[in-house]
Amino acid sequence: LKSSWQLNLVAFSNHFRAILRLALLCIVAAAVEAVAADQNTAAASDVDACKGEPGELGESALVQLGTAAQKGIGGAATEAIEASNSTSNEKSSDESTSSRRRRSRRRRSRRRAGTYTGTIPYKVQVYCGLSWLTLCSDVPKNWEQHTGAFDPSMSTEPQTASNRRRSTMNYITLGGDGVTGDLPTSKTITTWMSSLKADNLDFDLEGSIKNGFSSSYTLLSAVQGSSSSTKGQATCLVSQYENAVPYKDDFDYFGIMIHGSSMTSGSYTIPSPDPTTGTTWTDIQKWLDSEVPNEKIVLSLTTVGLEAYMVDWFKSLIAEYGLAGMSFWYWQGDDNQLDSSISIDCIQDQGTQCDSSSSFKCSQVCNGGDADGYCCDSDSITYIKGTAYKCSDGLEACCGGTDSTTYCQKV
């Protein structure tokens, strides 16, 4: 027979081992939960049991202790660790695949990463949302994201913009080729704006938006009633300049499509070395001669068939006539055919040429002032707040400066 102190010692030893087993099980369970809480329910049960007050062992904890007593703490812990490793390996494999995809996307983006750190002197927009078009995450920093569903049904909710902290730069795009149905209600649009992180609207009138400009403006006005800062853009075929004039004061911007399936398909022509001899220039001129303010006009382009000299020419038009900027379809989508010579920098920096042989090379650019980024060669014209300034009358004045400033600098 054992003495009372020996019995107490045995009881204490058993209790201590039980506590130790529970502590080890809790540690293992917590580790498993951190790795794959959604996949390892056994570990979650252990952790729940460990969350009780000291001295209070739940039913699941008692079961674990019983298992540990039968198999030995080492065996129970080993099984838990093996289950954790199995789950961890599966997750690691998934993460590895996901990581490779992310790295692939990052490599693709880095190939086009820009180094220009100045202020972009005009708007650069990209239509995005789905992989066949362009993922919004692939849109360069400081460029506008025009996210859309581009689904046959007008009621389909567009994709979320990726630069959520810059919702004032983002647009929800409604309509497009082949899109049918009625426009969403203003309440639906307001809800989308909040969830998609886009504060503005772009109406793609190429497709089947009923009553075109009229219904688009009605919806825009209703949305602006509760969100006065919302901007509206009407993107239409270049031939629709006469239809746009009555709404010249109602929309903030007008995107004019100067392309078909490519930049030179159908009736569009942009000859080199003088694009002004082509039909695309004739179409653009009709907008410049219309009552639509130049500073509201966005040149809508596609990367299909887009060449370096064309981008340089469009940039010269933006600078000379004070246009709002340019937009891109298929920036990095399935049909992207962007020439390797066309970099992000040469698109967003007025002083960087895409085509080294371009006859539109600017030797001097405004570096600061109200016309920052505009060409300020002696034969150039800049537009500051809608007013044209000839650089032949004073290089600094056409940049928005005075004789004492040095805004006009050589490239």
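Residues are numbered from 1 along each chain as its sequence is written, and side-chain values use heavy atoms, without hydrogens and water. Because the model is predicted, local features need pLDDT of at least 70 and side-chain atom pairs count only at pLDDT 80 or more, whereas totals for chains, interfaces and linings use all residues.

The chain has an average pLDDT of 78, and 72% of the residues score at least 70; pLDDT is the predictor's confidence in each residue, from 0 to 100. Over residues 37–112 the pLDDT is below 50, and this stretch has 53 contacts in the model beyond near neighbours in sequence (contact: heavy atoms within 4.5 Å).

The largest nonpolar core holds 65 residues, of which W143, L299, L306, F314, F328 and I347 touch the most other members. Its largest share, eight residues, is supplied by helix 9 (residues 308–321). Another core, of ten residues, lies apart from it and includes A319, C376, C391 and C399. A nonpolar core is a set of buried Ala, Val, Leu, Ile, Met, Phe, Trp, Tyr and Cys residues joined through side-chain atoms within 4.5 Å. Buried means under 20% relative accessible area, exposed over 50%, and partly exposed in between (1.4 Å probe, protein chains only). Helices (H or I, at least four residues) and strands (E, at least two) are DSSP runs numbered from the N terminus. Leaving out residues up to four places away in sequence, the contacts of W143 include V124, M169, F328, W331 and I347.

Y171 is found in strand 3 (residues 171–175) and counts as buried because its relative accessible area is 1%. Among the residues that Y171 touches, not counting those up to four places away in sequence, are K123, H146, N200, K231 and Y253. Y171 and Q125 are 46 residues apart along the chain, and their C-alpha atoms are separated by 9.5 Å.

Most residues other than glycine have a negative phi, and most peptide bonds are trans. F150, in the loop between strand 2 (144–148) and strand 3, has a positive phi near 50 degrees. The relative accessible area of F150 is 17%, so F150 is buried. N211 also has a positive phi, of about 65 degrees, and lies in the loop between strand 4 (200–204) and helix 6 (212–226). With a relative accessible area of 65%, N211 is exposed. The peptide bond from S272 to P273 is cis, with omega near 15 degrees; P273 belongs to the loop between strand 6 (253–257) and helix 8 (279–288).
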